[in-house]
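Dear colleague,

Please open it first, and then read what I found below.

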Amino acid sequence: QAIEYFSLRTVQTLFEWAHDHRLQLEPHLQRLIQETPDTLLRRWADFKHQRMEEFVRQLLAHPAIQALKHVPIPEGKAKYLQALRQFLQVLQGTESPDTGEIFTAFLPLITQSLTVTHHLKNYLIRQGIWDDKLADALNQFLAVMNARIPLHFNDADKAALEQFAAVQIGMAHLLTALLRDTESEKRRRQLVDFSDLLALTRKLLREATAVRRELQHQYRWLLVDEFQDTDRVQAEIIDLLHQPLSEDTPAPNLFLVGDPKQSIYGFRDADVRIFREFEEKVQQRNANTDSFTDADGNLLPASESEQRGRITLPHNFRSLSTLVEFFNHSFEPIFDPISDYDVTFVPLEAGRTDDQPAQIAIHHLIHQEENDPDPDILYHHTLPKLIHQIVQEHGYAFGDIAILLQTRNALTDLEEALQRANIPYEVYKGIGFFQRQEILDVYHLLRAVENPRNNMALWAALRTPYAGISDAVLYILGQMRGATVLERIRQLVTGIDKKDWRTLPVPPGLTREHIQTIVEPEGDALKYFYQQITELSARQNTHHFSELLNEILLRFGVKAVLHHTFRGDQKLANIDKLIQYVYDIQRRPGASLTELLRILDRQIRRVDREGEAVISAMGGNRVQIMTIHAAKGLEFPVVILPNLTQGMVNRETVWVADEGILFKPGSERVEKKFFITRWFETQNRLKLEAEHKRLFYVAATRARDHLYLLSIAGTKMPSVSFHTLLWEKALNVQEVHPEAQLPHWIQQLPNTSVTVEDYHADEWEPYRLPETASGPQPQIEMTPEAGARYWQVLDAPPQQVVYSATQLMLFQENRDFFFQQFFLNRYQLFPPMIALDDVEEADPVGIGWGILVHRVLENFHTRNADDDARTIERVLQEIPVQSDHIDAYQEQLTALLQRFREHPVATEIQGTPHALAEYTLRAPMDDTHWLLGKLDYLFQRSDGTWAVVDFKTNRTDRKGLDSLVQKYAMQMEIYALLVHHLFPEQPTIPVGLFFLQPMEVRWQHFTPDTLENTRNTVLDLMHQLDRFLREMLIRSG
């Protein structure tokens, strides 16, 4: 139920998150897997009742509600009067009103935004029952209570609520099993990660008292820096090191340093509340001791708070006094505590003695069109113009300026704007190495090589600059017939070669002459792209993927192209870093191209984890671009926040609170309205909002001299952003417009400007620095000779040798044939395009027919028999065959599939939940040789045994099967050896040759003992093949 409810892709995302956060998650998972749907529902109901009781108790004690206890019940038909009448009847009806009745009767009095309705508020004020102050106090109370209980929910759908409880438990069981298996595999490989180091340290300190005593004796002073970023496991380790084992054992001294206002690592499980908890522990411990004494025991001057261990350091020695005053005025209301995740703002004191005039500028644009605003005007016009003014008018260098980003989502647009404006810049630390365009382009080319039939991969590869294909040709490809993009390219290439455009479809608004005019000039590029992709794809099972990467970079001229682009040195360094990354993965046992792409895909989706390649130390006369998280601890003369209106980042897939966890439902589901869902969602939102305030504070306080805040707004605005915090909280302006009334304090700040202006999308142009602008301009060698050095083969580390089962079998059977079909054909067993013209219609045999059959049988177990016709039609479109033979092939393939589906083995494969088609396995034979095999089907039988089936299309009768079984004996042994490597505990490995002409399967069962002999035979054959290939290389020069 959980998998069906969440989808496999969501399960994968949840597991990745759960593994990264397992130390935080495991206690909650253990509790969930002990539950049943009934017990979980009861726990949810009890929790809901407790929250409602808490809310009603505090509501009844509120002065605004107390004032209603003796109010006459009003008459009238207005809705607000009817709602008030019903509430007063419940409130005044008994000394102890029922919690549920009070709660239900109160809800109609408030709006969805949790304020008292306008009409009711005015009525009670007119009656003299309330005043504005009392009404505002109730609204403030409701806002605070919303952090503890959702006031609007719907639990009416009991069946959906019960199913939701079941899938929560099911997902907990699934993640627990996956985490257990992952930990088991890590132990088998003797691997630990950072979370393991924490968990093992905690376990050691919990269980080994002698070790803990020794550490406490050895380390008498513990100092923890940046304590505001501590998580629960780290906090427990600190506690275990610090807390005395017995009353007569002196505890180590503990000194914690941190600023709760700068706690911005919640995504790494840091919990700012831990700071408060330890602060209380420290003060309780020091309650009866004198903390500050000299060597003779004399008391030193200290306040009461300091004597109890709390030392406040309010001085800001970084920022000018005007900036400090701006921080205090702005962030005190912004930090107004609403939930436990908020922190109290402690005002700063200016500590700089070289006080100069600071510059603070708030620049806001209002978009006048109906559609949402595009931040391009900020990046392409406002920002470059501002940087020019800072350099020219204030005398700062480009290297004094830092642009701080919340996320890297807009980085590409920002870079493009700075490049166009001719502004030198440097992207620093943690800004998405795997999301750089040059890395993505190579990734797309690798995906296309791995599977040219993957349309999305091929489209992405065609869009790279290395394909050299225009948008016009891509449009034509998009309009053409053909199941795959590769087949459409082949059609275009054929049309170009034969000068025949009659068979090509004509897109709307074009003629065949148009197509010819557009496509023909790019014929060479299309043919080259097609040739390289198909050749490299055919080599993927016989070459290491680092060699494929080498070939891709060389054949498509990736490095030479990047050399001639803006920031070419950085992009080339990134490519070199990718090469090293690929080499490192290749060294893993059994690594494959598919695994590499899976790893890269995960890294690409995990943003802000890996920095770009380092080509020089940060600095130089370039504008610095970095995330706010990367800027923490740094300072800059000038700080620019380029888009305050960017919304709060919320990537959570699991909601975690002290009371438990909840796996987030889909946005359109009824479960979104349940009380338990609304409560967990509210807790998550409050936690993120509190950290978003602190993120804004960290960003602004990086400025030494000048701070510039840019924003743009339209009709739709995120509910929480730096913009809303600044304008609604700090400036107390609810609707931003040019005539908005600003508070007195900001009008009094020197050199502070607030600009609000309207703009229309067609009224601005990209800004470019004048030629006279100071600062170095990007210097790029644009000569072909300078880029020639990048057209060289990469130096790869020593490679392992991989031989496939087919290669070994072919080599053993006929070395001359192997030499002709494999070695002279650029390491391809067969050409990428199969020519079937010589196949007779009535009697299809041979390589081409075998490929058609294997493609049709691939993944047959995942589709209904009714879909076979469409599959056959698609395969015949993808693989070029003679057009007048298509009907005959379709008839033959349909008949074969019908007979095959009736066979017991086909039924067995369809009936198992574990079946893998065209599955590639690798196994090490020694330190340098690996064995490769692609299994037609690997599946698990009902007794738990894993078996292999290999399809054979040879035409024969039952009498001839024995000789064919003998012919393929080596292949069967190799497949058994590969499966034995995967499942070494399995006592026998069944391998079946499925001869499709007589529809008969011949099984052989292999034991570990017989497979040891096979391993020796295979290894000996590999060494023979090594010597043979060396001889052939020498002969061929």
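By class, the residues that line the largest cavity comprise nine nonpolar and five polar ones, with no charged residue among them. Please keep in mind throughout that this is a predicted model. The lining of that cavity is made up of 14 residues, and those nearest its centre are Leu 404, Leu 405, Gln 406, Asn 643 and Gln 646. Its volume comes to about 100 Å³, and the structure holds four cavities of 30 Å³ or more.

Ile 489 belongs to helix H22, which covers residues 485-498, and Ile 489 counts as buried because its relative accessible area is 0%, where the cut-off for buried is under 20%. Once its neighbours within four places in sequence are left aside, Ile 489 is in contact with Leu 458, Leu 462, Leu 477, Leu 526, Phe 529 and Tyr 530. Val 473 is 16 residues away from Ile 489 along the chain, and the C-alpha atoms of the two are separated by 10.0 Å.

Asn 409, by contrast, sits in the loop that runs between strand E6 (401-405) and helix H18 (411-420). Asn 409 counts as exposed because its relative accessibility is 59%, and exposed means over 50%. Between Asn 409 and Gln 435 there are 9.5 Å in space, C-alpha to C-alpha, although the two are 26 residues apart in sequence.

Finally, a word on the aromatic rings, of which the structure holds 39 pairs. One cluster, linked by ring pairs, brings together Phe 55, Phe 87, Phe 103, Phe 106, Phe 141, Phe 153 and Phe 675. Lysines are also found over ring faces: Lys 952 lies over the face of Tyr 968, at 3.9 Å from the ring centre, while Lys 261 lies over the face of Phe 345, at 5.8 Å from the ring centre.

With best wishes

Note on methods: Residues numbered from 1 in each chain as written. Predicted model: local features only at pLDDT ≥ 70, side-chain atom pairs only at ≥ 80, totals over all residues. Heavy atoms only, no water. 1 Å grid on protein atoms, 1.4 Å probe; cavity = no way out; pocket = protein on both sides within 12 Å on 5 of 7 lines; lining within 4 Å. Points joined across faces, edges and corners; volume = space filled by probe spheres on them. Nonpolar A, V, L, I, M, F, W, Y, C, P; charged D, E, K, R; others polar. Phe/Tyr/Trp six-rings, centres within 6.5 Å; stacked < 30°, edge-to-face > 60°. Lys NZ or Arg CZ within 6 Å of the ring centre and 35° of its normal. Helix = DSSP H or I, 4+ residues; strand = E, 2+ residues; numbered from the N terminus. Buried < 20%, exposed > 50% of the residue type's maximum accessible area, 1.4 Å probe, protein only. Contact = heavy atoms within 4.5 Å.
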